[in-house]
Amino acid sequence: MMYGRLAVGRTFVTSSIRFGPALHSDKQEVRKGSEGLHPKDEFTAPSPSSPVHPRGEFTGDWVLMHPVYTPEEVNSVQVVSRPPETIKDRMAERIVKLARLGFDLVSGYQHKEIPPNSTMSLEELRKGGYALSEVQWLRRILFLESIAGVPGMVAATLRHLRSLRLMRRDGGWIHTLLEESENERMHLMTFMTLKKPSIFFRAMVLGAQGVFYNAFFLSYLMSPTAAHRFVGKLEEEAVRTYTACIQDIEEGRLPEWKDKAAPSIAIDYWRLPKDATMLDVVKVVRADEATHRFVNHSFANLDHKQDVNPFALREPSMELKGTKPGLDRSESAEFVKESQKMLGGKPQTFKDNDYSGMYHMFSFFSLSGPSGFSAPFAFDDVILTLLVVPAVVLPLEFL
């Protein structure tokens, strides 16, 4: 079964970057964008006598590799949910539902189903809680994205530190987690061009980040599986939220964004056409969230101590990520075997219901620690927790 195309050496590069047309035409002029220089940009070095401010005109292309979608890919995303199978799954689902209630309360989000054959005007729909205004949508999205960028960074940090302590390769997880974190941050940067948060809103975000960072930090130490499942369920809610936003725009309940031009940072980041609108932006953001949904559910099905990241060398198709919650462990092993075949390697034979060998499919990902050594994840990381005491250190960083 073929799931996607090869992307050697980089993670989460949608096939359209290397193999097909993006949302813009190949003839479109490549321009300097909000995130730095592109290969075809004309570059003029600043005068030695004029200092360069870090946020001035002298910029660099500092973003990591990220998806660029075709119109067919962004429209293939569906609202899907992975049914819980274990106690950890059910706990993650209930925590996400509780967290969503809190997010809805803080951000003032409500999106009730419109009664059939309704003749209410847009103003009546908004007063009745059936539709949101532009300000309400932005409040919801900004709060959501300020939190969504936390899990990937926390998980990448813990896996990075663990790799250093055990002196072993990580198996390709860190890059994907960092790319997810940056991708979520770019969502926030995009929507912030439309609304500057108030001091009160920033204070709420500050408090939410402090609590959520520490909570997720401890949760990932105790159970990476449950933590990734939690993020997968959280991304399911994000896809559901952006789908509702797209429906509002398309059905005329958010006319402010129907013809509103896309911010330059979005055109640059996702390589959108010059005449892209906010509808195009919301669609690509939803596609990103579907990717995170797929990746985290897949990670939750793996053995975090020995399995390689199956997406380290090849990106699954958007059609797959947009319609399937994630890969189970056997499917991930098959995905790795297919990637090896595409690289010209010899596929490894797996025993029935035994996919532990998938970690050693690529010699450059295999662990090189002492023979037979496999320290429990929880033990050494609990020691780290006692040393670092993140509940004390992180709040100081926020001040």
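**Close-up 1. Helix 5 and helix 9 cross with a left-handed sense in this predicted model.** The axes of helix 5, residues 134-148, and helix 9, residues 224-250, come within 12 Å and cross at roughly 155 degrees. Because angles over 145 degrees count as roughly antiparallel, helix 5 is roughly antiparallel to helix 9.

**Close-up 2. Helix 6 and helix 8 form a right-handed crossing.** The axes of helix 6 and of helix 8, which spans residues 199-222, come within 10 Å and cross at roughly 45 degrees, and this angle makes helix 6 oblique to helix 8. Helix 6 takes part in the contact through Val150, Pro151, Val154, Ala155, Leu158 and Arg159, and helix 8 takes part through Phe212, Tyr213, Phe216, Phe217, Tyr220 and Leu221. By class, the contact of helix 6 with helix 8 has 11 nonpolar residues and one charged residue, with no polar residues.

**Close-up 3. Phe191 lies in the largest nonpolar core.** This core has 75 residues, and Trp137, Phe191 and Trp257 are the ones that touch the most other members. When residues up to four places away in sequence are not counted, Phe191 touches Leu138, Ile141, Leu142, Tyr242, Trp257, Met278, Val281 and Val285.

**Close-up 4. Asn117 has a positive phi in a loop between two helices.** Most residues other than glycine have a negative phi. Asn117, although not a glycine, has a phi of about 60 degrees, and its place is in the loop between helix 3 (87-107) and helix 4 (122-127). Asn117 counts as exposed because its relative accessibility is 79%, where the cut-off for exposed is over 50%.

**Close-up 5. Met167 is another residue other than glycine with a positive phi.** Its phi is near 55 degrees, and Met167 lies in the loop between helix 6 (150-166) and helix 7 (173-192). With a relative accessible area of 66%, Met167 is exposed.

Definitions and conventions: Residues numbered from 1 in each chain as written. Predicted model: local features only at pLDDT ≥ 70, side-chain atom pairs only at ≥ 80, totals over all residues. Heavy atoms only, no water. Helix = DSSP H or I, 4+ residues; strand = E, 2+ residues; numbered from the N terminus. Buried < 20%, exposed > 50% of the residue type's maximum accessible area, 1.4 Å probe, protein only. Axes fitted to C-alpha atoms, helices over the stretch in contact; angles between N-to-C directions. Parallel < 35°, antiparallel > 145°, perpendicular 65-115°, else oblique. Left-handed = near helix turned anticlockwise from the far one by under 90°. Contact = heavy atoms within 4.5 Å. Nonpolar A, V, L, I, M, F, W, Y, C, P; charged D, E, K, R; others polar. Core = buried A, V, L, I, M, F, W, Y, C linked by side-chain atoms within 4.5 Å.
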